[in-house]
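Please read them beside the model.

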Amino acid sequence: TIALQHGAHRIGVRTDADMARWRSLRFGQFIHWGVYAIPGGEWKGKTYNGAAEWIRSWKELPHEEYDNLYRQFNPVNFDAQQWASQAKEMGAKYMIITTKHHDGFCLWPSKYSKYTIAASPYKKDLLGPMVAAYNKAGIDVYLYFSIIDWSHPDYRASLKTAADSAANKRFQVFVKNQLAELLQRYPTVKGFWFDGTWDDSWKRDGAFTDELEQYLQSIHPGLVMGSRLRADEKGARHFDSNGRLMGDYEQGWERKLPEKIEDVHGNDWEAVMTVPENQWGYNAQWAGHIKTANELLEMLVKSVSLNGNFVLNFGPKADGTFRTEEQQLMTQIGQWMKINGEAVYNGTYAGFEKQDWGYYIRKAGTDSVYMVVFNIPVSGSLRVKMPAHTSLVSVSLQQQTLTPELIGRNEYFIHLSGKQSDTPVVILLKTTSGENKEKGNFEKAK
Ligand SMILES: Cc1ccc([C@@H]2N[C@@H](C)[C@@H](O)[C@H]2O)cc1
């Protein structure tokens, strides 16, 4: 291995209570909200083809005009209570809010910037009411923070001159001040979700990123921060130059999921997902494929089955309301979670051989293994191969006992005769370690 001062400082997962809590939540709500919701992907009758929150980078929209949109930002219909209750209804256990996206507009009245909600017609802090309402609803809050800040005079993507380096030093102080300010203003937040850390100006100073992470932990012990913040002293990101994960969980799964357990290398990880193909901020017209509730439930269940968290993104409108399609999704997902959330919360990798009908999820630290069925075979027979030294004790579907058929050594068919469903079906397996000692009542089912 290479000797590193600013690589990973921990081998393996974090084992403290704050990380265990993050791990147990499994399902989060991402919210991208800012002045980009005003254009909503369009400008003067033209449609921007990129992600709506990146419209400032579109040549059709002069920076000057974009940077004055805040004068119109007045979310009079923003209702933190309503936001929190619909997130609770969906079954989200944590929420990640964009405090400041790449454009630099702050949803809180930062004393380190003029480009904040305080300068808008709305004037009032948006983050405080959100944190309070979500926490009251039993939902933890994490703060998205973009290191890139297109509005800041000292922001540099790369450092070519001594003046650039001096500006970058000032910018690093600005970043540190804003982050400390956020923790001071919102002490109940559980962590940061960093973004915009790919520029050379950031990844070339691994020491600063390491010191910053340690500073934040020192003023707010237990913070959960993913792998996007840090670079090691050789500029390696997410994984240091020895291939070890930096930060508390792998944060690279953006609009994509791992396929198999080997892909996550024993690390904690989180996937963040959009409903349209690639829109985070509000986009007036949702072009392309819009994911359905069942597709999103499958991503959530697949993530949990592979020991990860899944965060679904929403882009509220400039007035503070959610588009109808997003409200309907939260309701639909919530209806399934209300009945089946026990298979998701505290879910972990079960260690069973993957089958085509869907995913296994083990309730953390227990012998309860859920089968979440997305593909009922035409045979109606769900194959279950028990792992070595594991026996099947009982099978149930919504508290109804099922009698599986033994079809081979420690291998069964669970017959869903005739059952059809337009939402995922959840079956609970009670297992026990050790070979099948007592003959379970279903052994005689031949
Ligand atoms: C190339 C690229 C840069 C930044 C992003 C940002 N990360 C997501 C979480 C959103 O904030 C998006 O704007 C996405 C793609």
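1. Terms first. Strands (E, at least two residues) and helices (H or I, at least four) are DSSP runs, numbered from the N terminus. Two strands pair if DSSP finds at least two bridges between them. The model is predicted: local features need pLDDT of at least 70, side-chain atom pairs count only at pLDDT 80 or more, and totals for chains, interfaces and linings use all residues. Residues are numbered from 1 along each chain as its sequence is written, and side-chain values use heavy atoms, leaving out hydrogens and water.

2. The sheet is open, with 3 strands in the order S14-S18-S17 and antiparallel pairing. S14 (381–385) and S17 (405–408) are the edge strands; each has a single partner strand, so one side of each lacks a neighbour in the sheet. Neighbouring strands are turned by 30° against each other on average, direction ignored.

3. S14 pairs with S18 (residues 411–415) over 5 bridges, in the antiparallel sense. Leu-382 has Ile-414 of S18 as its bridge partner.

4. Now the helices. H8 (residues 293–305) packs against H9 (residues 324–340) at about 55°, with the axes 10 Å apart. Axes are lines fitted to C-alpha atoms, for helices over the stretch in contact, and angles run from 0 to 180 degrees between N-to-C directions.

5. Which residues make the contact (heavy atoms within 4.5 Å)? H8 gives Ala-293, Leu-296, Leu-297, Leu-300 and Val-301; H9 gives Leu-329, Gln-332, Ile-333, Trp-336 and Met-337. The contact residues of H8 with H9 divide into 9 nonpolar, 1 polar and no charged.

How values were computed:
Contact means heavy atoms within 4.5 Å. Ala, Val, Leu, Ile, Met, Phe, Trp, Tyr, Cys and Pro count as nonpolar, Asp, Glu, Lys and Arg as charged, and the others, Gly among them, as polar.
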